[in-house]
Amino acid sequence: MGRVQPRIAFDPTPSKLKSIARKNSNSKTSDERLNDRRIIVGLTGGIACYKIANVVSALAQAGAEVTVAMTHGATQFIAPLTFQALSGRPVYTSQWEHIESSDPQHINLARSADLMLIAPCTMDMLAKLAQGRADDVVSLIASAVDLKRQPTLVAPSMNEVMWKQRSTQRNLEQLEKDGFEIIPPGVGWQACRTEGVGRLAEPQDILAAVKAALSKRH
Ligand SMILES: Cc1cc2nc3c(=O)[nH]c(=O)nc-3n(C[C@H](O)[C@H](O)[C@H](O)COP(=O)(O)O)c2cc1C
């Protein structure tokens, strides 16, 4: 039997490689820059945590200074090291461990942020934020953000039944009244192997929402 030929031949000639590199760098220059914008990304314990790696990478590529905070739940789904590497910054996983300052770090972080994004946001975190609880590093930082001045975006992600619970809908209503911006979830395949509403908004839609919120305020 003869060797199976690959269907698409890879052409590694220098001119071909150069044109691929040019294409990649061009696609970035047309993007809106976020130079020196300080963005806090809070992750909570949902299966969609892995999708936020793309969001953090894109924000960093756009020039933003991204600080990632993760609940204990979030660290069960993706390693903090991934976000440390993508953001080039320390990752906050505990409210008790002071990383960059000896002052209350949640206040410093919140005060200096241009925007906070909580994604994926669990049903549990929606409830906490709606009640004003602050007993983990993500909700603690969020508690010190001034919602009138600093856009705070929440991207919920959960199974359809969880999404449709009256408690979830009640909490979402409360968060909107309080000044949080909700990035609505999508409809489609869910990790529980069903189709429905509740899956995390697509990373490009989350990025667009972040850029829109920043441009509205400045
Ligand atoms: C495998 C697995 C997947 C989960 N996925 C989600 C999810 O997508 N959305 C959600 O709201 N909760 C999900 N949960 C439940 C949360 O992890 C749980 O409520 C946790 O306490 C949330 O903590 P946190 O909000 O402090 O991160 C999942 C749990 C497990 C075990």
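This section describes the fold, nonpolar core, ligand surroundings and backbone geometry of a predicted model.

The protein chain contains 10 helices and 8 strands. Of its 218 residues, 38% count as buried. Among contacts in the protein chain with a separation of 6 or more, 74% are made by residues 24 or more positions apart.

The largest nonpolar core comprises 56 residues, of which Ile39, Val41, Ile118, Ala119, Ile141 and Ala155 touch the most other members. Strand E4, spanning residues 115-121, gives the most to this core, contributing 6 residues. In soluble globular proteins, nonpolar side chains tend to be buried together. When neighbours within four places in sequence are set aside, the contacts of Ile118 are Gly42, Thr44, Met125, Val138, Ala142, Val154 and Ala155. One of these partners, Ala155, is also among the core residues that touch the most other members.

Helix H2 covers residues 52-61, in which Ile52, Val55, Val56, Ala58 and Leu59 are buried. Viewed down the axis of H2, these buried residues fall within an arc of 165° and therefore line one face of the helix. The elements against which the buried residues of H2 pack are strand E1 (38-43), strand E2 (65-70), helix H4 (80-87), strand E4 and helix H10 (203-217). Just after H2, Gly63 adopts a positive phi of about 100°.

The ligand is surrounded by 16 residues, the closest being Thr44, Gly45, Gly46, Gly73 and Thr122. Two or more residues of this shell are given by each of helix H3 (72-75) and helix H6 (123-131), and H6 supplies the largest share, with 3 residues. By residue class, the shell around the ligand divides into 7 nonpolar, 7 polar and 2 charged residues. Thr44, one of the closest residues to the ligand, is also in contact with Ile118.

Two further features concern the backbone. Most residues other than glycine have a negative phi, and most peptide bonds are trans. A cis peptide bond, with omega of about -10°, joins Ala119 and Pro120. Pro120 is found in strand E4, and Ala119 is one of the core residues that touch the most other members. Asp36, a residue other than glycine, has a positive phi near 65°. Asp36 is situated in the loop between helix H1 (14-29) and strand E1. With 9 other C-beta atoms within 10 Å, Asp36 is exposed, because a residue with 12 or fewer such atoms is classed as exposed.

Key: Residues are numbered from 1 along each chain as its sequence is written. This is a predicted model: local features need pLDDT of at least 70, side-chain atom pairs count only at pLDDT 80 or more; totals for chains, interfaces and linings use all residues. A nonpolar core is a set of buried Ala, Val, Leu, Ile, Met, Phe, Trp, Tyr and Cys residues joined through C-beta atoms within 7 Å. A residue is buried if 20 or more other C-beta atoms lie within 10 Å of its own, exposed if 12 or fewer, and partly exposed in between; C-beta atoms are placed from the backbone. Helices (H or I, at least four residues) and strands (E, at least two) are DSSP runs, numbered from the N terminus. Two residues are in contact if their C-beta atoms, placed from the backbone, lie within 7 Å. A residue is near a molecule or strand if its C-beta atom, placed from the backbone, lies within 6 Å of it. Ala, Val, Leu, Ile, Met, Phe, Trp, Tyr, Cys and Pro count as nonpolar, Asp, Glu, Lys and Arg as charged, and the others, Gly among them, as polar. The arc is that of the directions from the helix axis to the C-beta atoms.
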